[in-house]
Amino acid sequence: NNFMNYSFDENKSFYSQWCEMLKPYNKILTKEDIRILSDFSKCLGTLDVAGELSNISLYIELIKSQIKEAQLDINAKSKLYKTLGMSFGLAVAILLI
């Protein structure tokens, strides 16, 4: 299901189609990422221009926060995997000696 090639059905609500389109990404994105993107689509087209811009700014900040959190998680897991790899390597070396 390609995001850019998704064609929307005029007979279904934008929100339901947006959520359907996000489903294939649930293995890549966190539940919180999906919730933020789903909530964002609920408000689209319901406010005046100033309200829409304010809403978009809010969701941009929420997404930036999620990105920072993901980067911290990657850094933490990276250190763990490096440590485990080195420990496993040392254990194998000791067993071979």
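Me: Taking helices (H or I, at least four residues) and strands (E, at least two) as DSSP runs numbered from the N terminus, where does Asn-55 lie?

Reply: Asn-55 lies in helix 3. This is a predicted model, where local features need pLDDT of at least 70 and side-chain atom pairs count only at pLDDT 80 or more, while totals for chains, interfaces and linings use all residues. Residues are numbered from 1 along each chain as its sequence is written, and side-chain values use heavy atoms, with hydrogens and water left out.

Me: Is Asn-55 buried or exposed?

Reply: Asn-55 is buried, at a relative accessible area of 10%. Buried means under 20% relative accessible area, exposed over 50%, and partly exposed in between (1.4 Å probe, protein chains only).

Me: What is Asn-55 in contact with, leaving aside neighbours within four places in sequence?

Reply: Phe-40, Cys-43 and Leu-47. Contact here means heavy atoms within 4.5 Å.

Me: And Phe-40, what does that touch?

Reply: Not counting residues up to four places away in sequence, Phe-40 touches Asn-55, Ile-56 and Tyr-59. Phe-40 lies in helix 2 and counts as buried, at 17% relative accessibility. Between Phe-40 and Ser-57 there are 11 Å in space, C-alpha to C-alpha, and 17 residues in sequence.

Me: Helix 2, then. How far apart are its end C-alpha atoms?

Reply: They are 19 Å apart, which agrees with the 18 Å that the 13 residues of helix 2 (residues 31-43) should span at 1.5 Å a residue. The expected span is 1.5 Å times one less than the number of residues.

Me: Which residues of helix 2 are buried?

Reply: Asp-33, Ile-34, Ile-36, Leu-37, Ser-38, Asp-39, Phe-40 and Ser-41. The buried residues of helix 2 pack against helix 1 (14-22) and helix 3 (49-96). Helix 2 is followed by Gly-45, with a positive phi near 80°.

Me: How many residues does helix 3 have?

Reply: Helix 3 has 48 residues, and from first C-alpha to last it reaches 69 Å, close to the 70 Å expected. Its buried residues are Gly-51, Glu-52, Asn-55, Tyr-59 and Gln-66, and they pack against helix 2.

Me: What makes up the largest nonpolar core?

Reply: Five residues: Trp-18, Met-21, Leu-22, Ile-34 and Leu-37. Helix 1 and helix 2 each supply at least two residues of this core, and helix 1 gives the most, with three. A nonpolar core is a set of buried Ala, Val, Leu, Ile, Met, Phe, Trp, Tyr and Cys residues joined through side-chain atoms within 4.5 Å.

Me: Change of topic. How much space lies in the largest pocket?

Reply: About 290 Å³. A pocket is an open set of points on a 1 Å grid over the protein atoms alone, where a 1.4 Å probe fits, with protein on both sides within 12 Å along at least five of seven lines; lining residues have an atom within 4 Å of a point. The volume is the space filled by probe spheres set on the points.

Me: Where does the largest share of the lining come from?

Reply: From helix 3, with six residues. Among the lining residues are Ile-28, Asp-33, Leu-37, Gln-66 and Asp-73.

Me: And what about the end past helix 3, is Ile-97 buried or exposed?

Reply: Ile-97, in the segment after helix 3, is exposed, with a relative accessible area of 88%. Ile-97 and Asp-73 are 36 Å apart in space, C-alpha to C-alpha, and 24 residues apart in sequence.
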